[in-house]
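Please examine the sequence and the three-dimensional structure shown below.

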Amino acid sequence: MELSLDKLEVGKSAAVKKLAADGKIRRRLFDMGITQGTSVYMRKVAPLGDPIEVTVRGYELTLRKDEAAGIIMEVL
Amino acid sequence: MRFVLAGNPNSGKTTLFNALTGSTAHVGNYPGVTVEKREGRHKFGGERITIVDLPGIYSLSPYSPEEVVSRNVILDEKPDAIINIVDATNLERNLYLTTQLSEIDAPLIVALNMTDLLERDGIKLDYEELSKALRAKVVPVSALKKQGLKALIEEAVLETKRNERKPFSPLEGTYLDGLLKKADTMYKESRADNALFHAVKAIEGDSVEVAARGEAAAALEPDKKLIKNDFDGDFEGMVADLRYKYIDGFIKKVTGGRRKTHQMTRSDKVDRVLTHRIWGIPIFLLIMLTVFHLTFGEDLLYLGAMGLIPEAADETFLHAIFGNGAINSPGVILFNLVDGGTGSLTELLAGVMPEGTWYTGLVIDGLGGGVFAVLSFIPQIMVLFLFLSILEDTGYMARVAFIMDRAFRRFGLSGKALVPLITCFGCAVPGVMATRTLENEKERKMTILLAPFFSCGAKLPIWAMFGGLLYAGQYGDLVVFGMYIIGIAVAVASAVILKLTALKGETPPFIMELPSYHSPQFTSTALKLWQRLKHYVFRAATIIAGAVVVIWFLSSFGFDFWNGIVDIGDSMLGIISKVLRWLFVPLGFAMGENGWMFVVAALTGLIAKEMVVATMGVLAGISGDALELEGGELQESAIGLLVASMVGGAPAAWAYMAFNLLSVPCMAAVGAAAGELKNKKAFWFSIGYWMATAYIGAAVIYWVGTYWWIGLIIGALLAGVITYFQLTKKRRARKQAGKKPMLSTR
């Protein structure tokens, strides 16, 4: 099943399928280790509902839902 | 020998740099951008080694000022070796930068930091395997415990002398290998340094590389067209992907297959409380309140209010610690001690210097009244800084950005801007300096522009005095509180207006690492504080001292200055103010025969807000501190009568306070803003923006206060303007959306 990272439920993991983001944000996400096949764990949502916190490659990363919407995940 | 130190943010780079160079570090700024450059010396045997600390970066791409600067230092300065510090607890992402540094010609030494933390968790890394995979020497170190540093430098010196390292790219042997060989040969033939690095950049189509050597990138185009895969011609993406694939290929062998997953560590347990969905924000507010209480509170833990502390006798040494019937906070105690010290020094000088001469005036009023007043704020600024850097070192500040980002986004700011702005409630100087942590230039400018609207400690006495006078002193607390609210309201309105006009554009992205929680480190915090202190004292000694002397001169002498010191009313400043006051008549407070006095006080307030009340006292002709007076005494005092003589009445008084609140904060903050903005145009824009906001804000308050229906007109106009901007924005967005989809699926 395919869905964007911002829609992933808290406590669930999924693998990155592709990046639909553009330019600077796309490159930034790559630099931070979000590449094809990487496993991402949805850790929590901030108190005001946005941004989100995920675990990727063994560290914690925070990003906004807007940016997470450009990361297409494959749920196993 | 010259080594550069490169690594990710939070990899312990600063700690390693401090451990290697001690206090020899010399802080400067890279030209053109607000990125600090630090150099320090290290002695090793007979070698004199200079270590250059690069800013913390994740990549050598051209997207942030830090990355561009790091890249230029490495390429232009041609260091003898690159020391890459790598956080062993976060190996995969840290090694991504290593695979880029490895493409540079200079010898590369990997300093593997925090291996002790891994060993504590029972993970042993295979250094041999890692070294083989990276084709670089790997030295395990603990920057914090100063372990392995000698071996690290020894290895770096050895590698430099041997100088036989061949640059290596993880693209070798992949589907991009043919392209890489071709590009590499091309650069080698033109005898370029760092051929491999440039070759990879040319393949990526990196904007800086293409701008510098368009022909090389163009020559690769036909070959690039032949490569077909999921990436659809996104070569940057392919290269990043191949780097991580390369790391994935050996990482299991190095770590033995173990890596931190989402099991709960101690850091996670702390985090669960601090970023809790319900308690996260209240806890944050409580922490900030505590920090401010410990810095500015005059009744520590409210023991005095509970009646637990007896009243202390005035004017004793103990008075500094115990105020009137309460214990002062550490910040206030230090402030009192420094203030008392400089005060005694001034008195001592006044005793030995001949009375009535101009140079006595300069020393006593200029130096004593001005420079010492600024210096006495240093302890509180330092205490505030100490707490804030502890919060930063522990990793909590990153969480603050996380929990507050949502609230800030609509103003074109991210959660990261909150901390500098809150700091401004204490003092705008550290607040402005803290904007350095913001990556986005627009966000940094906006935060600096909003800084003065967060009423600082030095402005409080002005509110307190007016609070005691307006409405017969009945609503003193509400007046003070009202000023804070006015400031916040103006800041919010400013942010909305700036976002629509001068600083329009996309909201900066928010993709940020949340580092693990650490306990704060004493030496690193102390060093940081010391460097800030040096900076501030230097500033006080130059810019502020200069401004103070000028003001003193203008307020002590008439235009016939050879005739000696005159009353402030006949001084140059007094005469200028009598002329300038016409400018301020629309603001209500400059009318009548005493109007010019308020103008003088406000003008001196541009130097330092502490001077507003002091100047009014001098003009009213009272001796001693107006703030010591209470209740009816204050009403009856000369200063009370002066304020009562304001022709515009209460609305004019509010307008006057608003002018002081919103205008240029003080020379120290202006100096800090100049330091952070770098750009002259942005700096003068800020000064102009503050003065214009102060003028308009005060005028609106006065006129609406006098004729309430004007408020309706202004409200309607404002609503109209905002609606107009919103509508055009939507139309523009729709137009763009029509042209191309927001997210292209390449």
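This is a predicted model: local features need pLDDT of at least 70, side-chain atom pairs count only at pLDDT 80 or more; totals for chains, interfaces and linings use all residues.

Residues are numbered from 1 along each chain as its sequence is written, chains are lettered from A and ligands numbered from 1 in the order in which they are written, and side-chain values use heavy atoms, with hydrogens and water left out.

Chain B contains 33 helices and eight strands; these are DSSP runs numbered from the N terminus, helices being H or I with at least four residues and strands being E with at least two. Of the 746 residues in chain B, 52% are buried. Here buried means under 20% relative accessible area, exposed means over 50%, and partly exposed lies in between (1.4 Å probe, protein chains only). A contact requires heavy atoms within 4.5 Å. Among the contacts in chain B with a separation of 6 or more, 70% join residues 24 or more positions apart.

The domain assignment divides chain B into domain 1 (2–255), domain 2 (544–709) and domain 3 (710–746); such bounds come from an automatic or database domain assignment. The centres of domain 1 and domain 3 of chain B, taken over C-alpha atoms, are 44 Å apart.

The surface of chain B comes next. Chain B exposes about 34,300 Å², of which carbon and sulfur atoms supply 62%; accessible areas come from the Shrake-Rupley method with a 1.4 Å probe, and for residues only the protein chains shown count as cover. B:W703, B:Y707, B:W708, B:W709, B:L712, B:I713 and B:L717 make a nonpolar surface patch of about 830 Å². Patches are made of residues with over 30% relative accessible area and no salt bridge, with like charges joined within 9 Å and nonpolar side chains (Val, Leu, Ile, Met, Phe, Trp, Tyr) within 5 Å. Helix α33 (residues 709–739) of chain B gives the largest share of this nonpolar patch, four residues. B:L712 lies in helix α33 of chain B and counts as exposed because its relative accessibility is 58%.

Where do the two chains meet? In chain B, 50 residues are in contact with 40 residues of chain A. Together the two chains bury about 4,400 Å², 52% of it on carbon and sulfur atoms; buried area is the accessible area (1.4 Å probe) that two parts lose on being put together, summed over both.

Charged pairs also join the chains. Side chains of opposite charge can pair when their charged atoms come close. A salt bridge is a side-chain nitrogen of Lys or Arg within 4 Å of a carboxyl oxygen of Asp or Glu. The count is 40 salt bridges over all chains, and 11 between chain B and chain A.

A:R27 forms a salt bridge with A:D31, the closest N and O atoms being 3.0 Å apart. Both residues lie in helix α1 (residues 23–31) of chain A, four residues apart, about one turn of the helix. A:R27 also forms a salt bridge with B:E236, with 3.6 Å between the closest N and O atoms. B:E236 belongs to helix α11 (residues 235–255) of chain B, so this pair joins two chains.

B:Y96 has contacts in this region as well. B:Y96 is found in helix α3 (residues 91–101) of chain B and is buried, because its relative accessibility is 0%. Leaving aside neighbours within four places in sequence, its contacts include A:R27, A:D31 and B:R243. B:Y96 and B:R243 are 147 residues apart in sequence, but 6.5 Å apart in space, C-alpha to C-alpha.

A further salt bridge links the side chains of B:R409 and A:D50 (2.2 Å, N to O). This pair crosses between chains, from helix α18 of chain B to the loop between β3 (39–45) and β4 (52–56) of chain A. Salt bridges that share partners also join A:R43, A:K44, A:E53, A:E60, B:D268, B:D271 and B:R399 into one network. B:R399 lies in helix α18 (residues 396–409) of chain B and is buried, because its relative accessible area is 3%.
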